[in-house]
Amino acid sequence: MMIPIAKPLLDEREIDAVSNVLRSGMIAEGAQVAKFEAAFAEYIGVEHAVAVNSGTAALHAALLAYGIGAGDEVITTSFSFIATANSILFTSAKPVFADIEEDTFNIDTNDILDKITPETKALMPVHLYGHPADMKAIMEIAEDHNLIVIEDACQAHGASYGGTNVGSFGTGGFSFYPTKNMTTSEGGMITTDDKTVADRARMVRSHGSKQRYLHEIVGYNLRMTDISAAIGLVQLDKLDDFTSMRQKNAKVLSDGLRNIDGITIPSIRNDCEHVFHQYTIRAENRDDLATVLNKAGVGTGMYYPIPIHKQPVYKELGYDDKLPECEKAAMEAISLPVHPGVSKDELNEIIENVKNGVEIID
Ligand SMILES: *Cc1c(COP(=O)(O)O)cnc(C)c1O
């Protein structure tokens, strides 16, 4: 039996919630979605939340809601899931990649400054693995250069910086994919304090209309169903418990893996609440370690083995960046199971196997 790298935790509460929606006969976007939006907005601490059918859709709709498009540049990180940069491409704007910080794997704010041009319209930091990006510096840069901030918070439900939740500094995009800190099966959410942005995102979500059969802009069908929202409401109620279990598990792993040659455990910056979507270490012989761990029944993840700017589709577009920290991280990062479904015994098994693995490889 493999200890999985991710596992959604669902029980009778979600099953009942879904059954109730199915029995009601109202199964598309309706009352459950409205309730979920209100609850999520309150949780994050924003005025408005707009539910959509994926995290990718949340980022895409947020960009469109700000009017970002052809001729605009958006500075983001190449060390992320491809959806981050693709959401920018969807709008015909250009993703521009800044390098990352060694300790947090998040976008390097000094490199952001080097990448700003007259075409730069927005910054899209990612709170990777659940660790907040350096939002103080990012908001200062945004203010100085009059830039929009769209936070990719797809891995960071409940993470905070200086006591403020991510997704509430600028406009946030969250994902509720089954591997994330909470799920709706597929799903996403835009969080914002800007009413105009929320209203436009709602139009983008549903064929550009506020009023049925009156279409003011070109929109899409990005709607969440009440079935998904019903799952989301239960999961949101459990999120704080899930998060504290992730944080406890991370602490056990770090206590067990500190001071091992060739391994670097995750660091947490001052003033940051890390929600450990992933527990990601650096390992000198990452690929060998993964093989040994998988053989021993420990699931691992590589997020992400090929940076976005090195993906075939981006090379085809002419991307040829040199991002040394990003490229190094892509070779060294390996994630270990940290989700709330990992037991105490399994944590010890993971620690022992990493120690053994490092010795075998040596
Ligand atoms: C999961 C994820 C997305 C996309 O979310 P989906 O719900 O899968 O569309 C975007 N960015 C990051 C960093 C993610 O982890």
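Predicted model: local features only at pLDDT ≥ 70, side-chain atom pairs only at ≥ 80, totals over all residues.
Colleague: Which atoms of glycine 55 and aspartate 152 lie 2.8 Å from the ligand?

Modeller: For glycine 55 a backbone N or O atom lies 2.8 Å from an oxygen atom of the ligand. For aspartate 152 an N or O atom in the side chain is 2.8 Å from a nitrogen atom of the ligand. The protein buries 93% of the 380 Å² that the ligand exposes when taken alone.

Colleague: Where does the ligand sit, and which elements give two or more residues to the shell around the ligand?

Modeller: The ligand sits in the largest pocket. Helix 3 (55–65) and helix 4 (83–90) each give two or more residues to the shell. The shell holds four nonpolar, eight polar and two charged residues.

Colleague: How do you know that strand 14 and strand 15 pair?

Modeller: Four bridges join strand 14 (residues 279–283) to strand 15. Pairing needs at least two bridges, so these strands pair. Arginine 282, for one, has alanine 333 in strand 15 as its bridge partner.

Colleague: Why do strand 12 and strand 15 stand at the edges?

Modeller: The open sheet has the order 12-14-15, with antiparallel pairing. Strand 12 (263–264) and strand 15 (333–336) each have a single partner strand, so one side of each is left without a neighbour in the sheet.

Methods
Residues numbered from 1 in each chain as written. Heavy atoms only, no water. Polar contact = N/O pair within 3.5 Å; in protein donor to acceptor, adjacent residues only side chain to side chain. Areas by Shrake-Rupley, 256 points an atom, 1.4 Å probe, with all protein chains shown as cover. 1 Å grid on protein atoms, 1.4 Å probe; cavity = no way out; pocket = protein on both sides within 12 Å on 5 of 7 lines; lining within 4 Å. Sits in = over half its atoms within 2 Å of the grid points. Nonpolar A, V, L, I, M, F, W, Y, C, P; charged D, E, K, R; others polar.
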